[in-house]
Amino acid sequence: MSLVLTGYLIPFFLVIVNAFKTTPEFLANPVSWPANFNIDNFRHSFEKMRYLYAFFNTLIITAGSVILIPLFSAMTAHFFVRNNWRINRFIFLLMIAAMIIPFQAIMIPLVKIYGSLGMLNSKWALIYMYIGFGSSLAVFIYHGFIKSIPLELEESAMIDGCSKLQIFFKIVFPLLKSTTITIVILDLLWIWNDFLLPSLVLLVPDQRTLQLSTFYFFGTYTVEYGYLMAGLLMTIIPIIIVYLFLQKHIIKGIMEGSIK
């Protein structure tokens, strides 16, 4: 276990160490300790990446996606569970089957179709795509948990005069708190760190996310490694901070979902 943990931490450690080196120093020995801690790397990276623009682009895309994916997925799963129609079972199986299709198999048709519709270079189109790609797993997780919620709770609320929306938001959705937090964390890590889908959709520099902005340091013949490592470090620090605060909910939510 310790060896596995060390293997995961070594790349992160190398990014931290090399973030304080100049490019010549990095090329001389990428695993050595920096001779002088060069803080100017972070200032230069901040300016060249247009860090604030990229940060807010990433924040809008991530926040919009992780709010809408659990909401729509929970409503869909609840509808499937409480309305056991044949068409619902068929659609649910299709959503589960869609999870085994690799994104690389559909990315070229995806770009062609949305490009012909004029939906590229838009953060909102990217959020729409993330909802589509992330809903299958979320519906699958919610589906198993909602089946454990007694139907009598909803029937009692309906007798008291609650509408179906009120039943969902006041009774069902609060009971899914642990599962929702787990899905939010998983989607947060996925969307914040994603590079491939934004690189296909966001072609204009002003729309770039933090991950795409690190490409500013790749020239035609050279790479500014010192600035690149500083930029990568500034990119991953926010999501690490969020993860450290929320990590305890992952195992809790998964365990509750599996037991239910």
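The protein shown above contains 14 helices and zero strands. This description rests on a predicted model.

The overall dimensions come next. Along the principal axes, the C-alpha atoms occupy a box of roughly 70 × 50 × 30 Å. Of the 260 residues in the protein, 38% are buried. Contacts within the chain can also be sorted by separation in sequence: among those between residues at least 6 apart, 74% join residues at least 24 apart.

The surface may be considered next. The protein has an accessible surface of about 15,200 Å², and carbon and sulfur atoms account for 71% of that area. As for charge, there are 17 positive and 12 negative side chains. The centres of these two sets lie 5 Å apart.

Which residues form a nonpolar patch on the surface? The patch consists of Met-99, Ile-100, Ile-101, Ile-106, Phe-133, Leu-137 and Phe-140, and together these residues have about 640 Å² of accessible area. Phe-133 belongs to helix α7, which spans residues 123–146. Ile-106, by contrast, is placed in the loop between α5 (86–98) and α6 (107–116). Setting aside neighbours within four places in sequence, Ile-106 is in contact with Ile-101 and Phe-133, and both of these partners are also members of the patch.

Phe-133 has a relative accessibility of 33%, so it is classed as partly exposed. Ile-106 has a relative accessible area of 31% and is therefore partly exposed as well.

Most residues other than glycine have a negative phi. With 32% relative accessibility, Arg-50 counts as partly exposed.

Asn-121 provides another example. This residue is not a glycine, yet its phi is positive, at about 60°. Asn-121 lies in the loop between α6 and α7. Its relative accessibility is 29%, so Asn-121 is likewise counted as partly exposed.

How values were computed:
Residues numbered from 1 in each chain as written. Predicted model: local features only at pLDDT ≥ 70, side-chain atom pairs only at ≥ 80, totals over all residues. Heavy atoms only, no water. Helix = DSSP H or I, 4+ residues; strand = E, 2+ residues; numbered from the N terminus. Buried < 20%, exposed > 50% of the residue type's maximum accessible area, 1.4 Å probe, protein only. Contact = heavy atoms within 4.5 Å. Areas by Shrake-Rupley, 256 points an atom, 1.4 Å probe, with all protein chains shown as cover. Lys, Arg positive; Asp, Glu negative; His and termini not counted. Charge placed at Lys NZ, Arg CZ, Asp CG, Glu CD. Patch = residues over 30% accessible without salt bridge, like charges linked within 9 Å, V, L, I, M, F, W, Y side chains within 5 Å. Salt bridge = Lys/Arg side-chain N within 4 Å of Asp/Glu carboxyl O.
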